[in-house]
Amino acid sequence: MKIIVDTTEAISALAAKRYVRLLRSRPNAVLGFATGSTPLGLYAELVRLCDAGEISFRDAMSFNLDEYVGLDGSHEQSYRWFMDHYLFEKIDIDRARTHVPSGLDTDSATAEAYDQAIISTGGIDLQLLGIGNNGHIGFNEPGTPFGSRTHMVELTDSTRQANRRFFKSLDEVPTHAVTMGIRTVMNARSIILMALGTAKADIIRKTVQGEVTEEVPASILQLHPSVEVYLDYQAASLL
């Protein structure tokens, strides 16, 4: 596990260089994307690099980590809308080659098909992760088995409260989500974990230096052979 610490702005630029190196060596790479406020700077930098001709997603494919149950892709709080709005519509990726779990078709067969679609491509080359204050990656809440694959999960109260700022009220925050499982994430050949701000400092300490336990889902990343953790100084303050 490699730890990279710098300012918030620099972290996005440094992470973006990882994508430049990958796509120059493997233009048809399979990318795993994440949503939330943390990767916005990275996505803005990827858009800038694409506009400048320094990177191309023309032959790439993507799979997103998760989606809220009950929201279709046109809802402004859906993760499909987020990815289209902040990244896919602004780069040269083929939209038909971008995949986000369905928030409407949520049965186990559909979840299994999502995993099979990833497997059929040869697997994810680079998976981007954020981290919840309780250690969740994707929407894999504490207690999720490390062997889990894509599945539907009930969101904890703390996760719904953390995401309340994106909705008009807590009542509008979905209670469930579809998420890649922890095993799905760990099958990626390389992983980037990004965390920003003092609020993430304690969970980053537990993730990087604590016991590997299902009560801190992100701690399993200690066992992956190729993880880069990008932190600003505040998120790294307890290491």
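Predicted model: local features only at pLDDT ≥ 70, side-chain atom pairs only at ≥ 80, totals over all residues.
Me: What kind of ring pair do Phe 33 and Tyr 43 form?
Reply: The ring centres of Phe 33 and Tyr 43 lie 5.7 Å apart, with the planes at 90°. Planes over 60 degrees apart count as edge-to-face. The pair of Phe 33 and Tyr 43 is therefore edge-to-face.

Me: How many residues apart in sequence are the parts that Phe 33 and Tyr 43 tie together?
Reply: Phe 33 belongs to strand β2, whereas Tyr 43 belongs to helix α2 (residues 40–51). Both residues, Phe 33 and Tyr 43, are buried. The separation in sequence of the parts that this pair ties together is 10 residues.

Me: Which residues do ring pairs link into a cluster with Phe 33?
Reply: The structure holds nine aromatic pairs. One of them joins Tyr 19 and Phe 33, with centres 6.3 Å apart and planes at 15°, so this pair is stacked. Tyr 19 lies in helix α1 (residues 8–25) and Phe 33 in strand β2 (residues 30–33). The residues linked with Phe 33 into a cluster are Tyr 19, Tyr 43 and Phe 88.

Me: What is the area of the nonpolar surface patch that includes Ile 3?
Reply: Ile 3 lies in strand β1 (residues 2–6) and is partly exposed, with a relative accessible area of 34%. The patch is made by Ile 3 together with Met 1, Val 5, Tyr 233 and Leu 239. The area of this patch is about 420 Å².

Technical notes: Residues numbered from 1 in each chain as written. Heavy atoms only, no water. Patch = residues over 30% accessible without salt bridge, like charges linked within 9 Å, V, L, I, M, F, W, Y side chains within 5 Å. Areas by Shrake-Rupley, 256 points an atom, 1.4 Å probe, with all protein chains shown as cover. Salt bridge = Lys/Arg side-chain N within 4 Å of Asp/Glu carboxyl O. Helix = DSSP H or I, 4+ residues; strand = E, 2+ residues; numbered from the N terminus. Buried < 20%, exposed > 50% of the residue type's maximum accessible area, 1.4 Å probe, protein only. Phe/Tyr/Trp six-rings, centres within 6.5 Å; stacked < 30°, edge-to-face > 60°.
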